[in-house]
Amino acid sequence: MRTYAPAPTRAVLEQALEEPSLARGVRHHEVIPARTAIHAEWPEWLDPRIRTGLAGRGIARPYVHQSQAIEAVHAGEDIVVVTPTASGKSLCYTVPVLQALAEDPSARALFLFPTKALGQDQVAELGDLVHDAGLTVSAATYDGDTPAPIRSAIRKAGQVVVTNPDMLHSAMLPHHTKWFQLFEQLRVIVIDELHTYRGVFGSHVANVLRRLLRLCAHYGSNPVIVCCSATIANPGELAEQLTGRPVRVIDRNGAPSGEKHVLLVDPPVIDASTGARGSALTLAQRWAMPFLRAGRQTVVFGKSRVAVEIMLSNLRETMRQDMGPRSRIRGYRGGYLPTERRAIERGLREGEILGVVSTNALELGVDIGHLDVAVLAGYPGSIAGTWQQMGRAGRRGDVSVAVLVASPAPVDQYVIHHPEFVLGGQPEEARLDPDNLHVLLAHLRAATFELPFEPGEWFGPGPADDLLAFLGESGTVRPAADGRWYWSSENFPASEVSLRAAAPENVVIIDTTPDRPRVLGEVDLFSAQVLVHQHAIYMHDSVQYHVDKLDWGERKAYVHKVDVDHYTYANRAVTLKPLDVFATAPSTGGTRVHGEVMVASLVTLYKKLKFITDENVGWGPIDLPEIELQTTAYWLTAERAAVGWRRDELDVALIGAGRAIQAVAAVLLMLDPRDLGLVSQVRSPHHEAPTIYLYEAMPGGVGLSERLWARHDELVAGATDLIRACPCEAGCPACTGPRLEPDVDGKALALRLLAALAADRAGADAGAAAVA
């Protein structure tokens with residue numbers, strides 16, 4: 001029977017909401033009304049050829065945010081543009097760059113994008129505008145795929161160089177003498193997708209920009225910096241931390257949008273005693289199918305390559321049974337060839353492809369036009385990422401639908417039961433710490449290699465003399481008779497620094513799948529224990545690899561590609577010792593503290609867990625030495641809250657409350673939950689009181705713990721809400737973590753402890769009583 005029949009988006013949604021098996025999981029249905037465009041006028045100084053080119057692309061007038069940005073950049077102001085997906089942010093920098101080139105062909109611009117695909121997409125878009133304007137502009141992508149002859153041409157004649165932070169760090173700055181034309185005439189630096197530069201990666205990129213601006217000053221240029229970001233709570237602060245310069249925030253969105261329906265959906269509880277829920281992947285497929293059958297262009301986002309392939313095959317099979325256009329549903333992820341990805345993007349823009357199942361590769365601004373429906377199988381990890389994926393649906397003037405289907409993970413459950421957090425509450429913060437000593441020293445080495453340091457010259461927070469003297473003790477830098485500091489080692493410092501890891505010593509991951517082994521990436525030692533131990537399943541760019549051997553002494557892990565239905569989880573035994581207290585303050589039931597800690601870690605065994613169900617299908621031993629991590633942490637003591645508790649019950653309560661606080665912290669600060677380690681102690685030797693520690697899982701930390709300390713009351717209240725909203729009977733992986741003691745009510749115990757720690761004692765006590 002043919003059930004494939006075209007229908008309008010609104011009609012399909014109404015029918016889906018009448019289907020009981022779909023409707024019962026809807027926790028919230030928000031209708032965001034259509035918004036009309038707010039236009040401005042092009043500035044009088046704009047070159048007529050650029051106006052003509054824009055008009056040829058259907059852009060008669062700019063939106064108000066574009067106009068403000070273009071005027072500010074032309075006036076030499078550093079800015080950050082904060083508007084939703086598909087609001088035309090790229091014009092905010094392409095127009096002033098083309099104007100600068102029209103006035104002076106010797107001018108140069110540098111565009112930084114976090115991914116190669118984004119950079120290539122931007123070059124194509126810029127090329128189309130240049131062609132329509134009748135200008136002659138040399139714009140090119142400079143990345144790892146660029147052939148050697150073309151690299152040479154870009155260095156000499158590239159007016160707009162599009163690259164990524166990794167290439168800037170390792171291939172451009174150390175060889176700045178080959179790039180002198182770029183650095184001498186650099187007028188504009190563009191940093192797109194600003195919100196992705198957070199944590200360790202952001203801290204590294206901030207130091208790369210310090211090195212870039214130091215070289216610009218050496219060559220006599222003073223470029224304007226243009227940042228573009230998705231909606232976050234602190235875009236101005238993040239841009240200033242990243243660039244080291246004051247910036248103006250432009251956030252009045254003038255772009256139009258059609259009516260959007262946002263649905264937050266929770267899979268049904270299958271077993272109330274354990275809290276087990278139905279599969280988020282299955283439910284996401286079921287939500288996508290009615291729209292695909294009705295011919296509505298739909299994107300389905302999965303969180304891993306395996307999830308994408310499972311949903312793709314299931315949707316195609318269902319379409320085949322429904323006599324629908326099976327071949328018009330495609331997959332899209334990092335492992336596909338660039339030509340294949342470009343063909344899929346073009347097919348979506350032109351309407352040839354009906355549906356696409358993708359990892360977050362389509363989240364960042366790759367041009368695929370405007371689709372009708374976006375279905376998210378699992379919370380993407382940040383509100384910014386959620387809106388970027390949801391923003392893929394929405395033709396201007398037409399109705400669109402975005403469906404977020406939660407997984408059983410604690411972070412997902414918190415978000416799905418707090419719709420205000422997704423739909424207009426305070427968005428999360430993005431944090432970085434460019435002055436992390438490990439990161440700062442690594443880039444100070446690289447900066448010294450690039451250019452000698454003058455006495456008293458600043459790098460980062462202050463004069464670099466003391467840090468250079470420290471590096472001089474190892475013989476890598478030395479003072480000369482002229483008072484300047486010079487690089488004195490044969491090593492190439494930038495090649496030793498990964499922008500994705502904080503520690504100077506990392507484990508290199510080598511893929512032995514191809515004929516010639518290649519370096520896949522690297523991880524810091526602390527993470528290597530759990531990510532690349534022997535027989536681990538390591539995920540890279542959504543592709544699975546089996547770790548055949550971890551040579552700990554040589555710091556190398558050898559892997560090969562596999563396609564399996566499980567992942568590995570290593571058990572880490574952690575002991576923690578506070579070293580220093582940076583800040584302390586009394587809180588309800590105890591004390592909140594921010595300080596420095598030493599974490600000793602020993603990994604002894606790993607489990608094999610099935611995707612989707614997390615069913616344990618095996619285990620194995622791990623034989624690795626103990627390692628230490630010096631980092632920062634936030635911790636809370638419960639000396640008054642824990643009066644009258646039995647020791648065994650307090651132990652369960654601390655673990656359950658700690659896991660819930662960890663999940664809420666990940667939501668508030670845009671973190672992967674694995675960025676924060678958790679340790680609970682029934683009687684901390686340091687405080688002689690029950691204590692929950694959240695430590696940063698990277699050497700030295702990147703400023704997360706200080707923000708957690710400042711937002712203590714929000715964490716406790718959020719953890720209470722998360723556990724209270726969970727429909728399980730006595731604790732489960734979605735709230736307090738796996739039940740270790742079957743006869744102990746971990747949910748009630750955690751709520752009792754959190755009630756005693758809550759700033760609003762009356763409200764928390766009522767919540768605990770309601771559960772009990």
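Predicted model: local features only at pLDDT ≥ 70, side-chain atom pairs only at ≥ 80, totals over all residues.
As a reminder, strands of a sheet pair through backbone hydrogen bonds, in either a parallel or an antiparallel way.

Zooming out, β1 and β9 belong to an open sheet of 7 strands with mixed pairing, ordered β1-β9-β16-β15-β12-β14-β13. The edges are held by β1 (26-32) and β13 (329-332); each has a single partner strand, so one side of each is left without a neighbour in the sheet. On average, neighbouring strands here are turned by 15° against each other, ignoring direction.

## Helices lying across the sheet

Helix α1 (residues 9-17) lies across β1, β9, β15 (373-377) and β16 (400-405), and runs at about 25° to β9.

Helix α15 (residues 383-390) lies across β1, β9, β12 (298-301), β15 and β16. Its direction is at about 140° to β15.

Next, have a look at His443, which sits in helix α18 (residues 437-450). Is His443 buried or exposed? With a relative accessible area of 0%, His443 falls under the 20% cut-off and is therefore buried. Its side chain makes a polar contact with the side chain of Arg211, at 2.9 Å. Beyond its neighbours within four places in sequence, His443 is in contact with His169, His204, Asn207, Val208, Arg211, Phe459, Val497 and Leu499.

Several of these contacts belong to a helix pair: His204, Asn207, Val208 and Arg211 are among the α10 residues that meet α18. On the α18 side, the residues taking part include Val439, Leu440, His443 and Glu450. The axes of α10 (residues 199-219) and α18 come within 10 Å and cross at roughly 25°. Angles under 35 degrees count as roughly parallel, so α10 and α18 are roughly parallel to each other. Their crossing is right-handed.

## A loop residue: Ala638

Finally, Ala638 lies in the loop between β29 (627-637) and α21 (647-668). Although in a loop, Ala638 is buried, with a relative accessible area of 3%.

Which residues does Ala638 touch, not counting those up to four places away in sequence? They are Gly589, Gly590, Pro690, Leu753 and Leu757.

Notes. Residues numbered from 1 in each chain as written. Heavy atoms only, no water. Helix = DSSP H or I, 4+ residues; strand = E, 2+ residues; numbered from the N terminus. Buried < 20%, exposed > 50% of the residue type's maximum accessible area, 1.4 Å probe, protein only. Polar contact = N/O pair within 3.5 Å; in protein donor to acceptor, adjacent residues only side chain to side chain. Contact = heavy atoms within 4.5 Å. Pairing = 2+ DSSP bridges. Axes fitted to C-alpha atoms, helices over the stretch in contact; angles between N-to-C directions. Parallel < 35°, antiparallel > 145°, perpendicular 65-115°, else oblique. Left-handed = near helix turned anticlockwise from the far one by under 90°.
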